[in-house]
Amino acid sequence: KKKIKFNKKEKLWKKKYVKNFEIISDTYKKSNDNPLINKPNNTGKSTIGKIFYSLVRGLNPDEDIFITEKNDTIRKFYQNILRILRDDKNIDISIYQTNRINDEWISSIETLAENFVGTQKNQLLRFCKIIKYQNEIEFNSIENKNIEISNYFLTEFNDEIQPVFNDEKITSIFIDDLEGTATLQYDFNPQLNKNINIFFNNSFFIESPSLIDNSLQDSILYEKRFSREKKSHLKFALANESNLILDDDFQITEIDRIISIISKIINGKLVVDDFQGVVYEKEGHEINIDNVALGIKGFGLIQLLLKNNQLNSRTLLIIDEPEIHLHPNWQVLYAEILVLLSKKLEIPILLTSHSPYFIEALKAFSEKYEFEEKTNFYFSQKSKDNLSAKIIDVSNDISPILMSISEAYFKISDIENE
């Protein structure tokens, strides 16, 4: 399978090295490359995209959510403590009811816990420890970033991070960013060795255009602004304008031009509106989104993200197999749109693909728009025992990619010649 990532000059992660993550034994991404990784099924194709998504969002925590979740956690364990105290009729619980859950209050509970035995004593001391930790943790601290990365890994991988077939190895990710370097090791929990800020501040992961349906209208009216789940995060962006104020006339012109190109390809545009709902406007007619082909939705998805100013040089766009719902002719056109996005708007993109049409089109348009130096090719090579895979750089010779894709053709030829 093939992955492509279009990077913005010197401002991105210069290197990322992943070792012993699920089925992946090694992957190394050079500085300033636009990786195009050819990968058979079950060689970690989606894993790489999920790692990028989790790291980018995990290293950019939301301060409002941090405060809300911190207060909710403290409140939860405060109430648990009160429930235990209430069971003892000799304790005046009103003494411990407070709006100031500080170190003094925690010490009073720890002292009181000595009057309890067994499970209740242990619970009181443990709850106090959790509250104390929550009180001390700071928003931009390495501890909070570890927690956030853990939350995203849990969401994306169901906590199945360790090497699948060798649990003695330790998962590690090395990040070399413009602002510094850091290593993240995962041994039950992620641990950064250094507090690092990265250039990327957001990421969107597109798995299928099928998420464009009438529920997008709900994203305007009811959807929460923040979600760690990549589908909900993307849906909110498709239905709502970014707070980003764009004042670069060149970029505004290029965005309008690319939106116009997409409109010509699909002969219309997608509209998400709290009054109209979600419709496909074509030649003056409104077509219910449920009756619109997934290929049109695939183009319309990019159209909506651009219209809402959700894409910029600091937002990593990850698209998993965009060619699935596209006719070969449209695969070629889609490839051109992506190259233009990265070339003209400096939007970093990470792609995976099985399609020779799509892959060759990306290569051709990268050369046409003089962007080939920013595009590198990678191949996911399985080990002999098929239990792990290494992602290797084949930029100087992409024949392993082409041969991998061609295997199906040769198999069909063999059947026909039987």
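Good morning. I begin with Phe 365 and Tyr 369, both of which are buried. The model I am presenting is a predicted one.

Let me turn to the aromatic residues in general. The count of aromatic pairs comes to 11. One of them joins Phe 153 to Phe 157 in an edge-to-face arrangement, with 5.8 Å centre to centre and 75 degrees between the planes. Phe 365 and Tyr 369, by contrast, form a stacked pair, with the centres 6.3 Å apart and 25 degrees between the planes.

Why are Phe 153 and Phe 157 separated by about one helical turn? The two are four residues apart in helix H5, residues 142–157, and therefore about one helical turn lies between them. Phe 153 and Phe 157 are both buried.

There is also an aromatic cluster, formed by Phe 299, Trp 330, Tyr 334 and Phe 358.

Next, charges over rings. Lys 230 places its charged end over the ring of Phe 205, 5.3 Å from the ring centre. Arg 314 lies over the face of Phe 199, at 5.3 Å from the centre of that ring.

Finally, I come to a helix pair. Helix H8, residues 249–266, and helix H10, residues 328–345, have axes that come within 11 Å and cross at roughly 175 degrees. Angles over 145 degrees count as roughly antiparallel, so H8 is roughly antiparallel to H10. The residues of this contact comprise 13 nonpolar, one polar and three charged. On the H8 side they include Phe 250, Ile 258 and Ile 262, and on the H10 side Leu 333, Ile 337 and Leu 341. Trp 330, which belongs to the aromatic cluster, is also among the H10 residues that meet H8.

Thank you.

Conventions:
Residues are numbered from 1 along each chain as its sequence is written. This is a predicted model: local features need pLDDT of at least 70, side-chain atom pairs count only at pLDDT 80 or more; totals for chains, interfaces and linings use all residues. Side-chain values use heavy atoms; hydrogens and water are left out. Rings of Phe, Tyr and Trp (its six-membered ring) pair if their centres lie within 6.5 Å; planes under 30 degrees apart count as stacked, over 60 as edge-to-face and the rest as tilted. Buried means under 20% relative accessible area, exposed over 50%, partly exposed in between (1.4 Å probe, protein chains only). A charge sits over a ring if NZ of Lys or CZ of Arg is within 6 Å of the ring centre and within 35 degrees of the ring normal. Axes are lines fitted to C-alpha atoms, for helices over the stretch in contact, and angles run from 0 to 180 degrees between N-to-C directions. Angles under 35 degrees count as roughly parallel, over 145 as roughly antiparallel, 65 to 115 as roughly perpendicular and the rest as oblique. Contact means heavy atoms within 4.5 Å. Ala, Val, Leu, Ile, Met, Phe, Trp, Tyr, Cys and Pro count as nonpolar, Asp, Glu, Lys and Arg as charged, and the others, Gly among them, as polar.
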